[in-house]
Structure formats: C-alpha cells, structure tokens
Amino acid sequence: MYDAIVVGARCAGAPTALLLARKGYKVLLLDRGTFPSDMPFSNHYVHQTGSARLKRWGLLDALKATNCPPILTNHWDYGVFTLTGSPVPAENGVKEAFAPRRLKLDPVLVEGAVKAGAELREGFSVQEILWDKDHVVGIRGHQKNGGTVTERARITIGADGMFSKVAQAVNAPAYKSGPALEGSWYAYYSGVPMIGWHLWLRPDRVIFAYNTNDNLSLIGVAFAAKDLAMARSNIEKHHSATIQEHAPELWERMQQGKRESRYVGGAIPYHVRKPYGPGWALVGDAGYQKDPCTASGITDAFGSAEWLAEAIDAGFSGREPLEQALAKYEQTRNDTELPYYELTTQLAALAPPPPEVAQLLEALRYSDEQRSRFFGVLAHTVPVTEFFSLENIQKIMGKQQATVS
Ligand SMILES: Cc1cc2nc3c(=O)[nH]c(=O)nc-3n(C[C@H](O)[C@H](O)[C@H](O)COP(=O)(O)OP(=O)(O)OC[C@H]3O[C@@H](n4cnc5c(N)ncnc54)[C@H](O)[C@@H]3O)c2cc1C
C-alpha cells in the first residue's frame with residue numbers, strides 16, 4: 001500500500017512525486033514511457049517562474065548541466081515596432097528562462113523524484129482505476145509485455161497529460177473547455193542562434209524562435225484555426241512562405257543554417273477540470289490545459305505540483321481535513337491560473353489587437369519598467385489582473401502622453 005500513486009512522470013507527475021517523497025510519503029511513480037524520451041509535439045519554453053521552482057527543488061543546476069542556454073530577453077516584433085526587454089525576475093531574483101529539450105528536462109525531474117525516494121516504474125501502462133464504492137483506491141496496469149498488476153494507495157494522482165485516463169475514469173467535471181484555437185509546427189535548426197525569446201506577431205500567425213540544447217534553435221510558426229487545414233496540407237511550404245514574408249531577417253539567417261529535424265506540432269483543445277475527488281487528484285495538463293501560445297504548460301504543471309503536494313501533506317498529516325486541503329488546491333490553482341488562462345485563450349485567436357490594446361502596446365515602448373512588467377505577465381511574475389487593472393493602464397497611457405508631449 002502506497003500513500004500516493006502518481007500516473008505520469010513528466011512535468012507534473014515527477015515533481016509531485018519528488019515533493020511528496022521528500023515529505024516522507026511512500027510514492028509510486030508510473031509512466032508508460034521510458035526516460036530519456038522526447039515529447040514530439042510539445043515546445044518547451046520554461047518561464048522564469050518555472051526556473052525559480054526548479055531552483056527551489058534543487059534541480060536548476062542539473063538542468064543547466066544539460067548545456068541548455070539561459071534566455072534573458074524578449075524581442076516581440078509587432079510589425080510596426082518591436083518590444084524588447086526582460087520580464088520582472090521571479091522569486092529569489094531568478095532572471096533566466098530556459099527552453100530545454102524534453103529529452104533533457106524530463107530525466108532531470110524523474111531522477112529528482114527517484115533521488116527523493118519515489119519508486120519509479122517506467123514502461124508501465126495504467127489500464128484501469130480501482131474503486132471501493134465511490135472512492136478511488138488504486139490502479140491496475142501492466143509493464144510492457146508483463147502481466148496485470150494491482151497497486152493500492154491512499155490517493156491516486158492523474159499526471160497523465162491532456163488525454164488523462166485518470167480524469168476520464170473519475171469523470172472529472174470540466175468547467176471550461178473548447179476546441180483548438182490555433183496550431184503550431186516547429187523544427188530544430190543549427191547555425192541560426194537567437195538572442196532571447198523572439199516572436200513575430202502578425203494577424204492570424206506568429207513566428208517564434210529561441211535557443212535550446214545542443215546549439216540548436218527551435219523555429220516555429222503558429223496558424224489561426226481557420227488556416228489550419230491549409231497549413232497542415234504542406235507545413236514546409238507554409239512555414240517558409242510565412243517566415244519569408246513576415247520575418248525576412250530571420251529567413252535570411254536561416255539560409256546560412258540547416259534544418260536538423262522534421263517539422264512537428266499540432267493543434268490541441270483546452271480544458272479546466274475539477275482536480276480532486278474521493279481518493280483522486282489531477283495535476284498538470286490532466287487538470288488544466290490551455291492553448292500553447294503562451295508557452296506555459298510546463299511552468300504551470302510545476303506550480304500545480306507544488307500546490308497539490310502541499311494539500312496532500314496538509315491532509316495526510318492531519319493539519320487539516322484532506323477534502324478541505326484539496327479544495328484549497330483547486331482554489332489556489334484557479335485564482336492563480338484562470339486569469340492567465342483567459343488571456344491565453346484571447347491571444348490564441350491570433351487576431352490583430354483591438355485598438356485599445358494596440359495603443360497600450362505602443363505605449364509600452366516608452367516605459368522600460370512597464371515593458372518589463374508586461375513581459376512579467378507572460379512569465380507569471382506579475383499577475384494578469386494587476387497589470388491590466390484600470391489604474392495600471394492609466395499609469396501606462398499617462399506616462400506615454402508625458403513622454404511624447
Ligand atoms: C504544440 C505544443 C506546444 C507547447 N509548447 C509549450 C511550451 O513552449 N512551453 C510549455 O511550458 N508548455 C508547452 N506545451 C504544453 C506542455 O507540453 C504541457 O503543458 C506539459 O507537457 C504538461 O505536462 P504533464 O506532465 O501534465 O503532461 P505530459 O508531459 O503530457 O506527461 C504525461 C505523461 O503521462 C504518461 N501517461 C499517460 N497515460 C498513461 C497511462 N495510462 N499509464 C502510464 N503513463 C501514462 C505519458 O506517457 C506521459 O509521459 C506545448 C504543448 C503543445 C501541444
């Protein structure tokens with residue numbers, strides 16, 4: 001009998017297992033995959049807040065040791081002007097974002113969990129959730145080519161990604177959901193080093209680029225939902241044409257470099273689910289998945305792992321009733337993430353900014369501090385509601401008038 005079974009051992013599952021094991025709980029961490037392995041459709045930008053969490057867990061040095069270069073600046077080209085700057089740092093002054101290949105990041109997380117004392121079973125596929133009346137009591141599954149195994153725990157945690165079997169089995173209610181709003185495809189290039197996180201934001205499309213491990217750069221293009229079928233029909237052609245037209249300086253540099261991978265990507269739906277019930281909890285994409293346009297799923301998975309581990313410890317240790325602690329987990333996740341989720345959903349339409357937003361963006365050119373706070377919104381170091389408050393918007397617009405008059 002385990003205290004916790006965690007199904008899925010990547011960005012959400014491995015940190016949840018690590019944090020629970022460090023608190024002394026007996027944790028079984030399961031994944032049908034093996035490590036190291038890549039996540040073929042996911043980009044992998046980790047915001048400053050994610051780096052700060054890795055630092056707090058003692059894993060940031062291990063990530064840096066994978067030779068993943070830090071990303072310190074944002075360069076967002078809106079066509080008529082470019083906003084350049086760095087986000088407000090995260091806690092402990094952490095200024096660096098990273099974009100590690102999942103091939104490199106996920107093993108750091110999994111090894112951290114194992115070192116903390118979690119029992120890892122790779123190549124183990126969970127087939128079924130076990131019930132005692134209306135209470136989840138464990139899982140049934142099997143190792144690749146192995147016989148069926150039953151394992152029991154006080155809590156079974158679905159960290160099994162966007163198509164979570166655990167979420168389906170418990171019928172976790174979704175209180176927000178929707179179809180894909182955009183899709184993106186990317187490839188890795190050598191010989192095209194970037195300085196920072198580059199976006200070329202154009203109506204119905206965004207070009208994005210940043211450095212990752214092994215002296216490679218990730219360069220991709222996102223297309224609005226209405227253009228997905230057209231883009232999907234010939235990704236290479238549409239990538240090339242889009243970059244050539246909207247980011248000619250990047251296109252020119254790409255002619256000196258080399259594409260080192262095939263194009264990968266896709267379009268994903270989004271949801272926010274109730275993340276707990278009797279004997280079960282959800283963490284990461286299993287509970288909360290938004291459009292990837294704000295590149296935040298990994299950073300958010302880290303956050304929800306911390307809040308969930310804290311809640312389970314509060315409940316198991318008797319500091320407060322488990323159900324109450326898990327309700328707080330849901331509340332904290334929603335209070336922190338839902339404004340970001342709404343912002344992401346708006347941005348994912350890839351529509352031209354409405355006039356008042358265009359004015360705000362224009363005004364940000366004149367204030368280093370507010371630009372840094374704007375980038376901080378995306379990095380989760382400045383709350384969405386604080387930055388877009390009437391008071392702050394008036395401050396930004398007033399400052400612009402003072403600067404240009
Ligand atoms: C196109 C695209 C671009 C993205 N770009 C970014 C980005 O730049 N930055 C960012 O932060 N996020 C990005 N994301 C989102 C990010 O990939 C996810 O938010 C993140 O992977 C969520 O982590 P997770 O641990 O919840 O789930 P996952 O990483 O999906 O891990 C789930 C694990 O569960 C295992 N599993 C599933 N079912 C079972 C089962 N039945 N039995 C055993 N194991 C099981 C799987 O093998 C897998 O290892 C992007 C996503 C997409 C699709």
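Predicted model: local features only at pLDDT ≥ 70, side-chain atom pairs only at ≥ 80, totals over all residues.
**Helix H9**
- H9 is largely enclosed by the rest of the structure, because 18 of its 20 residues are buried.
- Residues 297-316 make up H9, and Gly318, with a positive phi near 85 degrees, follows this helix.

**Helix H4**
- H4 covers residues 102-116, and its 15 residues reach 21 Å from the first C-alpha to the last, close to the 21 Å expected at 1.5 Å a residue.
- Its buried residues are Arg102, Leu105, Asp106, Pro107, Val108, Leu109, Val110, Gly112 and Ala113.
- The helices that these buried residues pack against are H1 (13-22), H2 (48-56), H3 (60-64) and H9 (297-316).
- They also pack against two strands, S2 (27-31) and S7 (119-122).
- After H4 comes Gly117, which has a positive phi near 120 degrees.

- In soluble globular proteins, nonpolar side chains tend to be buried together.
- Here the largest nonpolar core has 49 residues, and Leu54, Leu105, Ile157 and Phe302 have the most contacts inside it.
- Strands S1 (2-7), S2 and S10 (148-158) each supply at least two residues of this core, as do helices H1, H3, H4, H9 and H10 (322-347).
- H9 gives the most to this core, with 11 residues.
- Ile157 is in contact with Ala4, Ile5, Val6, Val7, Thr16, Leu20, Ala281, Val283, Leu308 and Ile312, leaving aside neighbours within four places in sequence.
- A second, separate core has 37 residues, including Ile71, Phe81, Ala363 and Val384.

**The second largest pocket**
- The volume of the second largest pocket is about 250 Å³.
- It is lined by 17 residues, of which Thr336, His380, Val382, Pro383 and Val384 are the closest to its centre.
- H2, H9, H10 and helix H13 (384-387) are the elements that give two or more residues to this lining.
- H10 provides the largest share of the lining, five residues.
- Sorted by class, the lining holds seven nonpolar, six polar and four charged residues.

**Ala172, a buried loop residue**
- You will find Ala172 in the loop between helix H5 (165-170) and strand S11 (174-178).
- Ala172 counts as buried because its relative accessibility is 10%, under the 20% cut-off.
- Not counting residues up to four places away in sequence, Ala172 touches Ala167, Arg273, Lys274, Trp280 and Leu282.
- Although Ala172 and Gly287 are 115 residues apart along the chain, 8.5 Å separates their C-alpha atoms.

**Arg373, a buried charged residue**
- Arg373 sits in helix H12, which runs over residues 368-379.
- Is Arg373 buried or exposed at 16% relative accessibility? Arg373 counts as buried, because 16% is under the 20% cut-off.
- Leaving aside neighbours within four places in sequence, the contacts of Arg373 are Val88, Val382, Glu386, Phe387 and Asn392.
- One of these contacts, Val382, is also among the residues closest to the centre of the second largest pocket.

Technical notes: Residues numbered from 1 in each chain as written. Heavy atoms only, no water. Helix = DSSP H or I, 4+ residues; strand = E, 2+ residues; numbered from the N terminus. Expected span 1.5 Å × (residues − 1). Buried < 20%, exposed > 50% of the residue type's maximum accessible area, 1.4 Å probe, protein only. Contact = heavy atoms within 4.5 Å. Core = buried A, V, L, I, M, F, W, Y, C linked by side-chain atoms within 4.5 Å. 1 Å grid on protein atoms, 1.4 Å probe; cavity = no way out; pocket = protein on both sides within 12 Å on 5 of 7 lines; lining within 4 Å. Points joined across faces, edges and corners; volume = space filled by probe spheres on them. Nonpolar A, V, L, I, M, F, W, Y, C, P; charged D, E, K, R; others polar.
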